[in-house]
Amino acid sequence: NASLDWAMTQNNRALTLESEAARSNDANLLNEALRRYVAALDTFTGANNELAIQVRENLSIAENRAVEMQLLMSNSN
């Protein structure tokens with residue numbers, strides 16, 4: 001149970017970091033969010049499939065935002 005609680009905390013931190021990254025246009029925060037999603041997903045996979053699906057969706061959205069952010073940054077240069 002402790003590892004699932006830890007994974008949920010990582011997912012929640014990732015959501016917060018992703019939100020802050022969107023507001024501040026900070027790629028470093030978004031990359032940290034991606035790392036935390038992956039850590040949570042690794043823990044949930046096989047242990048709680050429902051939560052793993054949700055984290056996988058969060059990760060997918062964050063990955064799309066990362067690509068969008070990279071495109072915006074490259075177009076502004």
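**Figure 1. Asn11, a buried residue of helix 1.** In this predicted model, Asn11 has a relative accessible area of 5% and is therefore buried (buried denotes under 20% relative accessible area, exposed over 50%, and partly exposed the range in between, with a 1.4 Å probe and protein chains only). Asn11 belongs to helix 1; helices (H or I, at least four residues) and strands (E, at least two) are DSSP runs numbered from the N terminus. Residues up to four places away in sequence being left out, Asn11 touches Tyr37, Ala40, Val55 and Asn58, where contact requires heavy atoms within 4.5 Å. The model is a prediction in which local features need pLDDT of at least 70 and side-chain atom pairs count only at pLDDT 80 or more, while totals for chains, interfaces and linings use all residues. Residues are numbered from 1 along each chain as its sequence is written, and side-chain values use heavy atoms, with hydrogens and water left out.

**Figure 2. Packing of helix 1 against helix 3.** The two helices pack at an angle of about 25°, and their axes are 11 Å apart. Helix 1 is therefore roughly parallel to helix 3. Axes are lines fitted to C-alpha atoms, for helices over the stretch in contact, and angles run from 0 to 180 degrees between N-to-C directions. Angles under 35 degrees count as roughly parallel, over 145 as roughly antiparallel, 65 to 115 as roughly perpendicular, and the rest as oblique. Helix 1 passes helix 3 in a left-handed crossing, a term for a near helix turned anticlockwise from the far one by less than a right angle, right-handed being the clockwise case. Helix 1 contributes Met8, Asn11, Leu15, Glu18 and Ala21 to the contact, and helix 3 contributes Leu51, Val55, Asn58, Ile61, Ala62, Arg65 and Met69. By class, the residues of this contact comprise 8 nonpolar, 2 polar and 2 charged. Ala, Val, Leu, Ile, Met, Phe, Trp, Tyr, Cys and Pro count as nonpolar, Asp, Glu, Lys and Arg as charged, and the others, Gly among them, as polar.

**Figure 3. Packing of helix 1 against helix 2.** The axes of helix 1 (residues 2-24) and helix 2 (residues 27-44) come within 8 Å and cross at roughly 160°. The pair is therefore roughly antiparallel, and its crossing is left-handed.

Figure 4. Asn25 is placed in the loop between helix 1 and helix 2. With a relative accessible area of 47%, Asn25 is partly exposed. Its phi is near 55°, a positive value in a residue other than glycine. Most residues other than glycine have a negative phi. Asn28 is found in helix 2 and counts as exposed at 59% relative accessibility. The C-alpha atoms of Asn28 and Asp5 are separated by 25 Å, the two residues being 23 apart along the chain.

**Figure 5. Leu30, a buried residue of helix 2.** Leu30 lies in helix 2, and its relative accessible area of 3% places it among buried residues. Residues up to four places away in sequence being left out, Leu30 touches Glu18, Ala21, Ala62, Arg65, Ala66 and Met69. Between Leu30 and Ile61, which are 31 residues apart in sequence, the C-alpha to C-alpha distance is 11 Å.

**Figure 6. Helix 2 against helix 3, with Ser76.** Helix 2 and helix 3 (residues 49-76) pack at an angle of about 160°, with their axes 9 Å apart. Helix 2 is therefore roughly antiparallel to helix 3, and the crossing of these two helices is left-handed. Their contact has 16 nonpolar, 2 polar and 3 charged residues. Ser76 lies in helix 3 and, with a relative accessible area of 59%, is exposed. Ser76 and Phe44 are 32 residues apart in sequence, and their C-alpha atoms are 38 Å apart in space.

**Figure 7. The protein as context for the close-up views.** The protein has 3 helices and 0 strands, and its elements run α-α-α from the N terminus on. The C-alpha trace spans about 45 × 15 × 15 Å along its principal axes. Of the 77 residues, 29% count as buried. Among contacts between residues at least 6 apart in sequence, 55% join residues at least 24 apart.
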